[in-house]
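Biologist: Before we look at the model together, could you show me how to read its domains, its interfaces and a few of its residues?

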Number of protein chains: 2
Amino acid sequence: MSETIIPYKIYLDESEMPTKWYNMRADMKNKPAPLLNPATLEPMTVEELSGVFCHELAKQEVDDTTPYIEIPEEIRKFYKMYRPSPLVRAYCLEEKLQTPAKIYYKFEGNNTSGSHKLNSAIAQAYYAKKQGLKGVTTETGAGQWGTALSMACAYFDLDCKVYMVKVSYEQKPFRREVMRTYGASVTPSPSDTTEVGKKILKEHPGTTGSLGCAISEAVEAAVGTEGYRYVLGSVLNQVLLHQSVIGLETKAALDKYNIVPDIIIGCAGGGSNLGGLISPFMGEKLKGEKNYRIIAVEPASCPSFTRGKFAYDFCDTGKVCPLAKMYTLGSGFIPSANHAGGLRYHGMSSTLSQLYDDGLMEAVSVEQTAVFEAATQFARVEGILPAPESSHAIRVAIDEALKCKETGEEKTIVFGLTGTGYFDMVAYQKYNDGEMSDYIPTDEDLKPGFDSLPNVNR
Amino acid sequence: MSETIIPYKIYLDESEMPTKWYNMRADMKNKPAPLLNPATLEPMTVEELSGVFCHELAKQEVDDTTPYIEIPEEIRKFYKMYRPSPLVRAYCLEEKLQTPAKIYYKFEGNNTSGSHKLNSAIAQAYYAKKQGLKGVTTETGAGQWGTALSMACAYFDLDCKVYMVKVSYEQKPFRREVMRTYGASVTPSPSDTTEVGKKILKEHPGTTGSLGCAISEAVEAAVGTEGYRYVLGSVLNQVLLHQSVIGLETKAALDKYNIVPDIIIGCAGGGSNLGGLISPFMGEKLKGEKNYRIIAVEPASCPSFTRGKFAYDFCDTGKVCPLAKMYTLGSGFIPSANHAGGLRYHGMSSTLSQLYDDGLMEAVSVEQTAVFEAATQFARVEGILPAPESSHAIRVAIDEALKCKETGEEKTIVFGLTGTGYFDMVAYQKYNDGEMSDYIPTDEDLKPGFDSLPNVNR
């Protein structure tokens, strides 16, 4: 029997693109724990959540029973501008590694925001517009989410206020200009434009910021302004729902060629990419139809899964947000200035945390220099300069492919290549100059974070 | 009769990708004038050209009779990593402009080099490798060609020395790091590493450089080093040949949906993108099979077509290269620090110059602020942040679409979107801050350039 030739890039036709998002929670036996009202410690209702989020998004946030949710026509139209994204067969990387493994990556970087973040940004902007809002506020780490949201807001003519983690703001000056080009305002966080920002600056004068701080500021800015709501690019159930488009396209592309992956790998900061990529595969696993190895990769400097605790915690440093049950290092943990700004978050999606706790997925942590080594190797043979975040997944994909080389196994590996590294050249320069440092927090370093965990008995 | 639905993006299948480049010169009645030996003023032979270029490329340079040239298998393999590039229907731009025109763009920016330059870089690196060379030298303006060549050399394990026009080197510090990540060495030009560089620095101490200077340095560095040859990203016939892959894919994509364009628009610096994009269309025009309006767009600050002379001239400032007959502002013309670094070249492809002189294409020049206005408008609705170079074509495509709005004509406009602007944020920042200047040289400003033209009677 002759083998089907797999092209370098598998594209779906427009007619094959998903028309519904898949809500993994509907098929989970152990549902992710609900968000809690920080005052009452009771589960947040849709009405309560609607004070912070758009109403429709609040509904999506709590919906753990509807398996498929229609993608509105206007969002599908926008998706068609930059989707479907290609599923790429990494022939050149395979050859370079001399591995019998078959490596595929779903490349989400072929849009100006440079990452998968646009998938949820356009959805959130759409619902904000539909609700008649004037604008939205948000935080951004590496800048990818902020750029994506700026693009989405420009498309729907919404005002966009971005709080950008200070270390990224400084390392990525051009990111700010992309957001400005799309009409957004950008403030480095922590800032003195909010009460919570002022408080954090007072307590930690030299801080380079964190996603946790920036979230607090953005939420305060939204709740205090008429016609504004807060939007978030990761962690939330609604975000994983929108990002399921990644996994659904991936699965459809694989199905077209009867490919069944053995291992699925994604980087994990708050979980938006990983949760989206694995959705339909995890769905099959939850229903007992298939079995896949699913691996979350996180930086050794911010190891929420591998060294965190599964507990209720604040999502933000300022403690203004609802509490979420998740793998967390504690909202008091301020991660080191790792170059993968998008992975510097103390917590993790509640949905993924539950799946991890139930043994349905694995997690590994990797060090920065090894990540950039993989990034450079990948760039040179596959021709794409990857984002530091995405390169965490590349590292582990290469490691798994090298294991196959040893054992001779022809495993099929799929990983998520979430974005490009065009705005990460400061980091690449450090690596090129041999000046990159690897920081792994000691148990002592982790203690303040764990000490900051709230005492919630649920 | 129901109208066929045109998707947002038309992708060819791998099997539909071109297997041969198209050599427009074969169908030209008036052939482009040959390169001249600067010492004898006689046409350069293949043997003479082989001292500067790889042998196979020297042959391609003089071949004006073979219409189709096979794309070697190794190059086609590399093409499959990032090609076919999408032909995009600009539905959102059309809607924004409220024009009856149908606008398409061929997007060449979806690869890490960020532009179409990779199409020729990989071909030139391939032939250098095949000839057993150690490495190649080149110049780069905006940095796109240098990045593309670095990627191509990394793929074939060739050494790569890049002379980068000083103004771009300073405006785009991160470009250097991308090239270094791909293993290239990068020197700002003019530099004191070459004799010609030293001479230019002495004569023009404050110069921000030009492609003409950088070419001289790169040629000197190649000719003086065993196992090295010089490669060039534009102007040359061989480059237009390789870039014909853009036009061939565009035409194949249009043909799939029975679309016949009325107007084809491309930006023109040295002519690599424009020449490639129009190739098959110009072929039909040359054979009298079809008629298209073909428009070259250049910056008002460097108006080779619209204000230059059609004459033999030096290709480089240092006068070390062969002479080419072309529309030129004179090798002594040093263009202002326009942000479209890739369009700051005093001359123009000989092939395109001949076609323009024969009245087979038009040319217009546009000012910088109007270009960035078009770029921003495009970015906000089409979701792609365009390179300043590409935005010249966008400007004229929008202008033509607005004319259609006035007349009610449903013209089909195709333009080349050559690349992305991720490394041009300094320019965007100037535009965002309202600090962009529009410089149009006076006749007086052009005089030194014209005075520098050699006295060649051919």
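Biologist: Which residue ranges make up domain 1 and domain 2 of chain A?

Modeller: Domain bounds here come from an automatic or database domain assignment, and for chain A that assignment gives domain 1 as 10–16 + 84–114 + 243–451 and domain 2 as 21–71 + 116–230. The C-alpha centres of these two domains of chain A are 21 Å apart. Keep in mind that this is a predicted model, in which local features need pLDDT of at least 70 and side-chain atom pairs count only at pLDDT 80 or more, whereas totals for chains, interfaces and linings use all residues. Residues are numbered from 1 along each chain as its sequence is written, chains are lettered from A and ligands numbered from 1 in the order in which they are written, and side-chain values use heavy atoms, with hydrogens and water left out.

Biologist: How many residues of domain 1 of chain A are in contact with domain 2 of chain A, and what area is buried between them?

Modeller: The size of an interface is often given as the accessible area lost when the parts come together. Buried area is that loss for two parts, computed with a 1.4 Å probe and summed over both, while contact means heavy atoms within 4.5 Å. In chain A, 53 residues of domain 1 are in contact with 50 residues of domain 2, and the area buried between the two domains is about 4200 Å², with carbon and sulfur atoms giving 63% of it.

Biologist: Which side chains meet in a salt bridge there?

Modeller: A salt bridge requires a side-chain nitrogen of Lys or Arg within 4 Å of a carboxyl oxygen of Asp or Glu. The rule finds 1 salt bridge across the interface of domain 1 and domain 2 of chain A, and the side chains of Lys287(A) and Asp27(A) meet in a salt bridge at 4.0 Å, N to O.

Biologist: Is Ser191(A) buried or exposed, and where is Ser191(A) placed?

Modeller: Buried means under 20% relative accessible area, exposed over 50%, and partly exposed in between, with a 1.4 Å probe and protein chains only. Ser191(A) counts as buried because its relative accessibility is 5%, and its place is in the loop between strand E8 (185–189) and helix H9 (195–203) of chain A, where helices (H or I, at least four residues) and strands (E, at least two) are DSSP runs numbered from the N terminus. Leaving aside neighbours within four places in sequence, Ser191(A) is in contact with residues including Tyr163(A), Lys198(A) and Glu217(A).

Biologist: Why does Glu389(A) count as buried?

Modeller: Glu389(A) counts as buried because its relative accessibility is 4%. Glu389(A) is placed in helix H16 (residues 388–407) of chain A, and, apart from neighbours within four places in sequence, its contacts include Ala142(A), Cys267(A) and His339(A).
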